[in-house]
Amino acid sequence: MAVRRGGAVRHFVVDHVGLVPFLLFILFPIYFMLLTAFKTDRELYDLQAIPFWIRDGVSLGHFRHLFFKTNFWRWLANSLVVSFATMAVSVAISILAAYSLARLSFPGARTFGIGVFITYLVPPTLLFLPLTQLVTWLGLIDSLWALVLTYPTFLIPFCTWFLLGYFKVVPREIEECALVDGCSRLGVLFRIVLPVAVPGIVCAMLFAFTLAWNEFLYALTFTNASVTKTVTVGVAAEMIRGDVFHWGGIMAGAVTGALPVVIMYVCFLDYYVVGLTAGSVKG
Amino acid sequence: MRRSARRAETLTGIALVLPALFWVGLLVAYPFGMAIYYSLSNTVISQGGSFVGFANFQALLGDGTFRQALQNSIVFTTVAVAVKTVLGVALALILYRRLRVKRLIRGLVLLPFVIPTALSTLGWLWMYDSLYSVITWTLNRVFLLPVGLGPIEVNWLGSPVLAMTAVIVVNIWRGLPFFAITVLAGLTAIPTEFYEAAEVDGAGRWGRFWHVTYPLLKPVLAVVILFSTIFTFADFNIVYVLTRGGPQEATHLFATLSHALAFESMQLGRGAAVSLFMFPVLVVVVALQLRYLHRDETRYA
Amino acid sequence: MEVVRLPDPDQFGPEDQKVFESTKPWFGLDFVPEMREPGPADAPGDRERRDPGFAPGDARPRAQPGPEGAHRRCRVGNERLRPTGGGHEFSRLGWPGFRPVARLDAAIVGSQPGKAFWRSDRVPLPEEVTMATRRPATTPDSPDPRPTRRRFLTTAAAGTAGMAWLAERTPPAVAQRRTLTALALSLFVPSGDERFTELMQEFGKQAGVDVRFDTVKVTDVPVKLAAEATAQAGHDIVNVWEAFGYLHRGNLANIEDVIEDVGKRYEVYPGHRATFFIDGHWKVAPWYWLSFVGTYNVKHFKAANLPAPKTWDDLHKSGAELKKRGTPVGIPISNCTDAILSWRTVMWCYGAKEVEADGKTIAINSPKTVEFVEYAKRLYADAMTSEVLSWDDAGNNRLILSGKGSWVYNPVSIYLAAKDKDMPIAQEIDHHEGLSGPAGRFAGTFHHGLGIWKFSKNIDVAKDFLRFLYKEDKFASWLTAAKGFCMSPFKKFEGLDVWKKDQKLTLLPREGPYTRPQGWPGPPTQFIGAMDAKYLLPNMLAKAVTGTPVKDAVTWMAQEMNRIYKETV
């Protein structure tokens with residue numbers, strides 16, 4: 001790696017200087033949220049305080065209140081369980097459906113593909129009232145099962161559409177090879193396509209997990225008891241009392257509630273990028 | 001033989017698709033049907049209603065608020081998606097260069113997408129607060145006061161234009177990572193031979209971008225723009241948390257107007273009608289983009 | 001399409017058998033190999049056709065590079081699935097563990113013992129193998145059905161059982177302990193919620209029921225009410241306020257028996273009766289109301305040498321003076337409920353009204369309204385800053401808490417929050433009694449109550465709980481736990497200690513007689529709710545204070561009210 005000295009520095013600067021405004025824009029709100037989570041209330045509401053750093057000392061009060069005086073850990077566990085479960089279910093079903101739409105032709109395939117996509121366009125704010133009726137009739141109201149049942153309604157269309165584009169990119173030759181050698185269709189899917197498509201599937205899983213984790217409306221409507229709530233609903237319910245927003249607590253909940261998703265992304269980031277590549281190139 | 005082969009394939013195909021069909025169909029078909037019924041009725045929550053045909057839609061078309069919401073939605077979506085595209089491509093190009101700590105930066109860039117929207121928007125609400133806004137503070141202390149201009153108080157969420165800008169900024173903040181990372185992935189898929197060929201042909205930076213990068217990025221961009229349009233058009237959380245519809249309806253989108261009509265005015269029929277209005281517009285937009293995609297696909301296949 | 005003949009099973013030797021067994025199939029799909037010693041199977045000619053590199057009698061087929069590197073193309077996939085037995089090459093015949101499956105009709109007809117299942121006369125094509133036709137093979141040596149079939153059946157049975165269970169999830173009511181559930185908004189004072197939970201639990205022990213108290217944030221309660229009303233199932237007791245009681249009156253149970261009794265013991269304020277006595281029945285049990293009072297910063301007023309205002313006009317005069325000193329007053333003129341409430345109170349004080357007593361006739365377009373709007377315009381221009389145009393419900397809190405504001409109209413949450421957080425500004429905050437105008441003195445408020453859904457299965461238990469709650473000591477304890485933030489709907493509790501203790505709070509209960517429901521002099525109907533959802537009143541005032549001529553603004557509001565009326569009533 002032959003690098004000229006002066007040129008190296010210049011290259012470094014040029015490469016990175018363009019990044020600075022973007023990073024500022026993207027990261028400042030997060031920094032601010034973190035800061036707010038650690039500030040004392042006195043300083044938060046003090047007009048004379050400088051909002052860019054902590055003057056009165058780091059306070060763990062908000063976190064302590066969140067962790068020990070509310071059901072936060074329960075909410076976190078609920079969110080994790082629901083997100084994992086719905087992600088698994090949705091991605092599994094989507095793999096089957098996407099493979100079928102991508103490779104097999106049968107009457108109604110095209111209609112089904114479009115239908116799946118149209119379902120994704122229907123907004124949840126429209127659906128959730130009749131859905132409540134349905135969920136109540138099934139006796140699942142106020143349980144996490146209601147969420148596991150209803151989240152796939154928007155996760156499956158999304159994942160199917162995403163994986164459809166992905167499977168189309170997997171070269172047909174490998175599958176044909178295996179078919180010739182006597183493999184069943186399903187076998188081809190599980191033994192050949194899936195290993196090759198792992199990045200795309202991981203990408204779909206991450207998307208599904210994030211969407212499920214962030215979901216608010218269904219979680220609000222279908223869960224009542226505090227121990228059944230998910231993180232987003234619980235933090236909002238506990239920290240917004242009457243007309244008062246407890247900003248410190250809200251921010252503490254926001255950053256802690258985002259940690260599991262962040263960790264997941266960090267672990268699988270490479271798969272994510274590779275997965276997006278192939279899938280999105282061909283759409 | 002061919003017939004039974006096809007029959008077997010049909011069976012497999014249908015069998016694989018059935019779980020998705022069942023799940024989504026059962027759980028979406030009934031609510032969707034009910035929503036259509038509501039939109040054709042004058043149901044008021046807890047008081048029932050009767051069929052009124054298209055009266056809701058007619059009334060909405062004549063309603064100033066609805067027209068305002070329509071305009072808001074179009075402005076919001078267009079501006080947000082356009083800015084996200086430009087900034088996303090720019091950021092992707094920057095990230096594409098050989099950077100140190102690439103993984104870390106990519107991870108950091110993804111953060112706004114990953115934090116739950118309901119909670120990150122609350123963070124922005126605090127940042128836009130009329131009294132304690134950190135943006136106003138920075139404006140004053142860093143830019144205005146040093147040159148002698150008096151401290152100003154900006155009503156970020158209180159004046160129509162500023163409120164719309166504020167809401168669009170938050171949407172851009174949240175959507176930029178998705179754009180950047182996806183376009184970056186598309187960039188990495190472009191073989192370097194093309195660039196080398198272009199350089200040999202004497203293309204400069206801009207020439208390389210315009211003749212190599214952009215055409216090969218178009219499919220990726222098309223998909224991402226499609227996705228983003230859908231997400232942005234149907235956005236609810238940001239406006240709901242920040243302005244609840246805004247100073248005098250200046251930031252009402254379809255989704256928030258529908259929510260306000262259905263749960264504050266309790267006019268379920270109207271609310272459903274607003275939501276359903278969103279639907280054909282989205283379908284048209286999506287169909288147009290999909291057609292463009294297919295056309296491109298055959299070209300690049 | 002050329003026909004590809006599949007190889008015979010006798011090509012696989014015991015080594016291959018081991019390999020097949022050792023590769024665990026994914027997802028429990030059991031592909032069954034069936035091995036036999038290779039024997040003089042087919043004529044060499046057949047084999048040649050199938051595989052040019054394959055010599056007859058060979059026990060172990062080897063991967064041979066075919067013409068044009070055909071085999072290499074097939075060598076793809078996951079390392080894990082390659083054969084693990086010693087040095088075994090990847091079989092050309094497919095992945096280890098594969099087993100082609102015969103066609104559907106062959107499967108139905110059944111395998112004949114003594115014959116390899118898949119050795120039918122017609123060799124199936126790859127396209128014909130499907131998941132649906134899979135069946136485990138049988139040989140004369142192993143007549144038992146494979147575990148796979150049993151496993152499949154048991155899973156199917158379990159699945160069906162699960163579906164049945166899912167469909168009939170409600171257990172018989174007889175065997176079960178009843179649960180009383182209540183839904184309310186997250187009270188500003190958490191101790192109030194805690195006390196309510198304790199009261200419920202106390203009652204639960206007494207009555208032998210389980211109890212649960214759920215709270216959500218204030219803006220989510222209407223959503224949940226709507227969902228429960230639509231689904232005709234949900235909590236038993238719900239917190240409704242103002243127009244929501246009227247709106248859901250069709251779904252709320254009549255509770256005269258509870259309230260008449262209570263009313264005899266304590267006197268119910270007129271505002272509550274006007275709000276919750278609907279269509280000749282008590283539909284909602286009065287619970288509390290929020291006292292909106294003038295909250296002001298004593299230091300600022302003293303510095304300007306002004307007493308606490310007594311009329312709205314006083315406020316204007318004082319406010320003008322205070323704004324000059326940099327400490328303006330603030331009443332929100334934006335899309336928030338505080339705005340509606342505050343300005344409606346002012347409106348009543350000036351004798352104006354939105355609807356007549358029948359709740360339907362629009363009465364906004366009157367000279368009294370013009371007078372009221374003129375006042376608002378004066379107040380805004382002289383005593384407030386433009387930030388009130390963007391306030392949410394917490395805007396006035398922040399104005400006072402920051403020390404910048406001198407007067408707002410709010411419940412005592414500001415003072416209580418400051419006291420709680422130990423902020424120095426708590427010393428400077430005080431309250432004064434409601435202001436009066438030319439038409440009298442009124443207090444804006446939200447009347448909160450507890451309603452029982454008609455479709456609840458525990459109406460009787462819920463009514464018992466209400467009776468329990470209304471016991472003097474219980475209700476007083478709840479009011480005390482709410483730290484004086486929630487006012488009593490009954491005259492009886494006016495003198496409680498919680499207000500006497502802190503002298504800044506003593507005046508609060510005295511506002512009781514002056515409260516009126518939203519939409520007064522008419523009932524808080526859905527018409528009012530619809531108007532409020534569009535924030536008509538604040539929007540009209542926003543128009544007026546930002547330049548629209550007053551008469552035009554008032555006419556605009558009358559037109560909008562007309563339109564909403566046509567839609568909602």
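**A helix pair across two chains**

H2(A) and H4(B) are oblique to each other, because their angle of about 55° falls in neither the roughly parallel range, under 35 degrees, nor the roughly perpendicular one, 65 to 115. The model is a predicted one. Two packed helices are described by the angle between their axes and the distance between the axes. Here the axes of helix H2 of chain A and helix H4 (residues 102-114) of chain B are 9 Å apart. The crossing of H2(A) past H4(B) is left-handed.

On the chain A side, the residues that meet H4(B) are A:Leu23, A:Ile26, A:Leu27 and A:Ile30. Their counterparts in H4(B) are B:Leu108, B:Val109, B:Leu111 and B:Pro112. By class, this contact has eight nonpolar residues, with no polar and no charged ones.

Now the wider setting. Between the chains, 75 residues of chain B are in contact with 72 residues of chain A. On the chain B side, helix H1 (residues 2-39) gives the most, with 19 residues. That side of chain B consists of 56 nonpolar, 14 polar and five charged residues.

Seven residues from domain 1 and six from domain 2 make the contact. To the domain 1 side, H2(A) gives the most, with four residues. By class, that side has four nonpolar, one polar and two charged residues.

Definitions and conventions
Residues are numbered from 1 along each chain as its sequence is written. Chains are lettered from A and ligands numbered from 1 in the order in which they are written. This is a predicted model: local features need pLDDT of at least 70, side-chain atom pairs count only at pLDDT 80 or more; totals for chains, interfaces and linings use all residues. Two residues are in contact if their C-beta atoms, placed from the backbone, lie within 7 Å. Ala, Val, Leu, Ile, Met, Phe, Trp, Tyr, Cys and Pro count as nonpolar, Asp, Glu, Lys and Arg as charged, and the others, Gly among them, as polar. Axes are lines fitted to C-alpha atoms, for helices over the stretch in contact, and angles run from 0 to 180 degrees between N-to-C directions. Angles under 35 degrees count as roughly parallel, over 145 as roughly antiparallel, 65 to 115 as roughly perpendicular and the rest as oblique. A crossing is left-handed if the near helix is turned anticlockwise from the far one by less than a right angle, and right-handed if clockwise.
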